[in-house]
Amino acid sequence: MARYCDGDASAFRELYAAVSPRLYGYLVKMARHRSLADDLLQQTFLKVHRARAAYVRGADPVPWIYAIAHRTFIDETRKVKRAIVRVADGDDLPEVGADIAGRTAGSVDEPADPTLVKEALDALAQLPEQQREAVVLTKLDGKSVAEAAEIAGTTVGAMKVRAHRGYEALRKLLRGRANQEVG
Amino acid sequence: MSHDPLDELAALPPSAPPPLAAALETELDALRPVATRRPVRQLVMLVAVSLIYGAGILAIVTTRRDASELPMGWMVGAGLGWLFGFVIPCHLAMVPRTGTVMPRWRLAAIAATITAIGFVMLGALIHPSGPSSTQYGAEHFARGHACLEIGLATAVVPIVLGTIFLRGALPVGSRWIAAALGAGGGSLGGLVLHLHCHVTDVLHVSLVHGGVVVVAALLAAAMVPRAADVR
């Protein structure tokens with residue numbers, strides 16, 4: 001980030017390559033619409049670029065970038081009034097995953113079960129926005145509760161409650177689906 | 001293999017992000033070095049410029065005529081209280097924790113609340129007067145608007161400077177950061193009033209001098225986030 005602020009454009013590309021895959025995953029799970037997530041990701045990095053003078057040298061830029069993405073998502077969903085967009089088509093699900101090295105889900109040792117992934121995504125989409133974000137950040141994105149609270153601009157206590165309630169609601173939804181299938 | 005849908009979802013590798021947008025590529029082509037934020041230096045600058053500005057306002061409106069008649073301990077103690085009420089919220093609003101970019105909005109929120117309530121309470125509890133002091137009382141309470149105006153005029157500089165320095169640094173918690181800047185600016189206004197105003201009745205000291213902090217915090221919370229936002 002410091003090199004980028006010093007005018008090195010390749011450093012920005014490195015930053016984008018390092019941060020955008022996870023950030024994109026977060027935005028896809030929040031927006032539930034791949035094209036909206038694409039747009040939010042670009043808006044986020046454009047804002048980061050325009051606000052780069054606000055960076056403090058030596059600081060970790062990732063929570064700040066996530067917080068900008070969080071803010072951008074909130075502003076956008078308020079603007080278009082679609083906090084939760086349910087799309088039935090599979091093209092909006094993050095099935096084609098790739099890490100920084102370009103490995104996709106198909107290349108990992110234990111490929112994810114598409115049915116289970118779809119179940120989880122559908123259940124996730126039914127959660128209220130704040131609970132969804134708490135689950136995405138803490139459970140799926142591997143952030144600590146403190147990091148998630150910083151990103152979402154809330155207290156650690158409130159984030160714990162949101163994550164717990166979201167997780168419980170998700171379990172209930174998934175159990176309900178499983179029972180329906182058995183029935 | 002796990003059969004928990006959430007674990008399956010968590011185990012998915014990150015999605016492939018889209019390539020950089022054309023607008024961003026264009027901006028990168030013209031990339032120039034920028035001076036990054038130096039929070040401590042900016043805080044020192046904000047405090048120094050604001051104090052000079054406050055001293056200038058005090059020189060224009062003149063010091064209070066009853067200053068020598070009031071207890072020295074109260075004059076100094078309350079003056080230091082106002083000064084800390086200015087510096088501490090501004091510090092919390094401007095300077096992030098080491099290793100982070102975003103200021104500490106939770107602590108700033110606490111500081112803004114304590115400052116706003118604290119100075120209203122302080123004015124209500126302690127308001128000594130001397131023979132040259134004036135009492136407006138409830139009957140002429142509205143005449144205190146001049147003090148409110150002086151206090152808010154003093155608060156403008158730290159709020160504007162803080163907004164400029166924090167541009168782009170507040171994606172979350174911006175209203176509380178703004179409130180802390182406002183409370184800090186309002187406290188500087190309170191300090192100027194403490195050294196200028198010879199009206200010593202409880203309503204005036206509490207609700208007008210203390211009220212400057214509340215009003216400045218509320219106005220800043222309403223206006224600063226938009227100005228500090230990057231679009």
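Residues are numbered from 1 along each chain as its sequence is written, while chains are lettered from A and ligands numbered from 1 in the order in which they are written. Because the model is predicted, local features need pLDDT of at least 70 and side-chain atom pairs count only at pLDDT 80 or more, whereas totals for chains, interfaces and linings use all residues.

**View 1. Confidence across the two chains, with pLDDT being the predictor's confidence in each residue, from 0 to 100.**
The model scores ipTM 0.82 and pTM 0.82. Chain B has a mean pLDDT of 91, with 97% of its residues at 70 or more. Within chain B, confidence is lowest in helix H1 (residues 5-11), at a mean of 74, and highest in helix H3 (residues 39-61), at 96. Helices here are DSSP runs (H or I, at least four residues), numbered from the N terminus. Chain A averages a pLDDT of 79, and 79% of the residues score at least 70. Over residues 87-110 of chain A the pLDDT is below 50, although this stretch has 45 contacts in the model beyond near neighbours in sequence. Two residues are in contact if their C-beta atoms, placed from the backbone, lie within 7 Å. Where pLDDT is low, the predicted coordinates should not be read in detail.

Ala, Val, Leu, Ile, Met, Phe, Trp, Tyr, Cys and Pro count as nonpolar, Asp, Glu, Lys and Arg as charged, and the others, Gly among them, as polar.

**View 2. Helix H3 of chain A beside helix H2 of chain B.**
The axes of H3(A) (residues 34-50) and H2(B) (residues 22-29) come within 10 Å and cross at roughly 20°. Axes are lines fitted to C-alpha atoms, for helices over the stretch in contact, and angles run from 0 to 180 degrees between N-to-C directions. The two helices, H3(A) and H2(B), are therefore roughly parallel to each other, a label for angles under 35 degrees. From chain A, A:Gln42, A:Phe45, A:Leu46 and A:His49 meet B:Ala23, B:Leu24 and B:Glu27 of chain B. This contact of H3(A) with H2(B) has four nonpolar, two polar and one charged residues.

**View 3. Helices H6 and H7 of chain A.**
H6(A) (residues 129-140) and H7(A) have axes that come within 9 Å and cross at roughly 135°. Where do they meet? A:Glu133, A:Ala134, A:Leu137 and A:Thr138 in H6(A) meet A:Val145, A:Ala148, A:Ile151 and A:Ala152 in H7(A). The residues of this contact of H6(A) with H7(A) divide into six nonpolar, one polar and one charged. After H7(A) comes A:Gly153, whose phi is positive, near 70°.

**View 4. B:Thr62 in a loop of chain B.**
B:Thr62 is found between H3 and helix H4 (72-94) of chain B. B:Thr62 has a positive phi of about 70° although it is not a glycine. Is B:Thr62 buried or exposed? With 9 C-beta neighbours inside 10 Å, B:Thr62 counts as exposed; a residue is buried if 20 or more other C-beta atoms lie within 10 Å of its own, exposed if 12 or fewer, and partly exposed in between, with C-beta atoms placed from the backbone.

Note on methods:
Angles under 35 degrees count as roughly parallel, over 145 as roughly antiparallel, 65 to 115 as roughly perpendicular and the rest as oblique.
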